[in-house]
Each structure stands twice: as structure tokens, then as C-alpha cells.
Amino acid sequence: MGEERGLVLVVEDEAAIVELERLYLSGAGFGVHVETDGRQALAAVDRLRPVAIVLDVGIPGLDGIEVCRTLRARDDWTPVIFVTARDDEIDRILGLELGADDYLTKPFSPRELVARIKGMVRRAAGPVAAPTRTVGGVRLDGARRRVETAAGRVDLTATEFDLLDRLMSQPGRVFTREQLLSSVWGVADYSSSRTVDVHIAQLRVKLGDAAGIVRTVRGVGYSVADEA
């Protein structure tokens, strides 16, 4: 199957984890290229143009956070999934603020990693055609995958965009975290539902004054405010 799905860049310095990721990603039809150093990883992105990047936060030299920061500063929005050994909410939020699409905390299931990457690649490709939605002061252009508020354009990752699109598809409807995980991430492991909360928090930050359209329904999930 080779590189039928495209090439994934794995940036990781633990050999055992590298081999496990290579095994499962290759089995899913992805090509795999490995780098163990942040600067070499940046060069590999320019050279190889991967469809996704698995980025360990704690790599030597230029760490994963700086690698992601550099890519986004270049306006390179290749989907990135952070892998971290530090189960720390600050690390997670910081990673998403830098433009990471997702994260996993070690130890993780390699099957879940593959599922998350498939979802990221699918979201980055976007639909062939999609509607334009407007709720409150937020306008979502599905065809161009752009979001605008009164303050101007809002730069979202592919995951953030699809999460907002799903919520805006039915204003007033309350989506559970499990429903959002299934429809946006394509993941059935509901133990990772905290991922939804992290992305919602970052989505609100990026929407700024328009963040009020995203509502939390305590104990249930999330919705967007109906215009009516």
C-alpha cells in the first residue's frame, strides 16, 4: 500500500515508540518518514510535504512546541498532532494555541493515533462543496473553509473549523461530547472526550467577542446560539 494515503512525518526520539508508530501507520497505508531532531524535522517538512505530522513535544534541540510555532509562523498549516509525556493542561492549551490540530498523551493506543491522523487528513482536505452558515456574528464559508466575525477573519485549524461547522449546522441543538468526537474526529474512544473541551476552549479564544455563540450545556455538551 506504500504511500497510498500520503506521507506522515514522525518526529520522535524514542526508538520503541517510533517503530510502533511506523508499524501501525504503514499498516494503514501511510508512508512514514522519521526525524529525531526539531531542526531536521522542519527541513523534512519543506522537502517532503507530508500530509500530517506526529510531533513529540520533548524532542531534543528545537522542541515540538517551537517546531509547531515555526511552521505556523510560515503559514504552513500541515495537520499536527502533538504527543506528550506531560499530562498537563497548560501544555495542551499552549499546543492548540500554536495551531496544533490534536494531541495524545503517552502512553496511547497506536490504533487511536492512526484514527486521529486519518481524521486530520480528511478534515484538512475538506469537503468538495459545503454551505455557508451564519449564526449571530459568525459567518462560516464552507467552500473556502473560512470563518469571519465583525473583527475580521479567524484563523482556525482544520479540526477547529469542522467542530464549529458541526455546531453551526444545527443552531440550538445540543451535541454531546461523544457525538462531536464521532462526527468531527471519527473516534469512538469516548474516554478521550476531554479533547472536545480543549478544542472548544481554544475555539472561544479565537472567536473573541463572538465567542458567546458557543454555549456549554452543563453535564451534556455544547451548542451554538440560535439567531432567533
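Author: What follows takes up a sheet, a pocket and some backbone angles. The model is predicted, so local features need pLDDT of at least 70 and side-chain atom pairs count only at pLDDT 80 or more, while totals for chains, interfaces and linings use all residues. Residues are numbered from 1 along each chain as its sequence is written, and side-chain values use heavy atoms, with hydrogens and water left out.

Reader: What makes S7 and S8 paired strands?

Author: Strands (E, at least two residues) and helices (H or I, at least four) are DSSP runs, numbered from the N terminus. Two strands pair if DSSP finds at least two bridges between them. Strand S7 (residues 138–141) and strand S8 (residues 146–149) are joined by three bridges, so they count as paired. They run antiparallel, and Arg139 stands opposite Glu148 in S8.

Reader: Why are S6 and S9 said to stand at the edges?

Author: The open sheet has the order S6-S7-S8-S9, with antiparallel pairing. Strand S6 (132–135) and strand S9 (152–154) each have a single partner strand, so one side of each is left without a neighbour in the sheet.

Reader: Which helix lies across S6, S7 and S8?

Author: Helix H6 (residues 158–168) does, running at about 110 degrees to S7. Such angles run from 0 to 180 degrees between N-to-C directions, with axes fitted to C-alpha atoms, for helices over the stretch in contact (heavy atoms within 4.5 Å).

Reader: How do you know which residues of the lining of the largest pocket are nonpolar, polar or charged?

Author: Ala, Val, Leu, Ile, Met, Phe, Trp, Tyr, Cys and Pro count as nonpolar, Asp, Glu, Lys and Arg as charged, and the others, Gly among them, as polar. The lining has eight nonpolar, one polar and seven charged residues.

Reader: Why is Asp75 called exposed, and what is Arg49 called?

Author: Buried means under 20% relative accessible area, exposed over 50%, and partly exposed in between (1.4 Å probe, protein chains only). Asp75 has 60%, so Asp75 is exposed. Arg49 has 47%, so Arg49 is partly exposed. Asp75 is in the loop between helix H3 (64–73) and strand S4 (80–84), and Arg49 in the loop between helix H2 (38–48) and strand S3 (52–56).

Reader: What is phi for Arg49 and for Asp75?

Author: Most residues other than glycine have a negative phi. Phi is near 50 degrees in Arg49 and near 65 degrees in Asp75.
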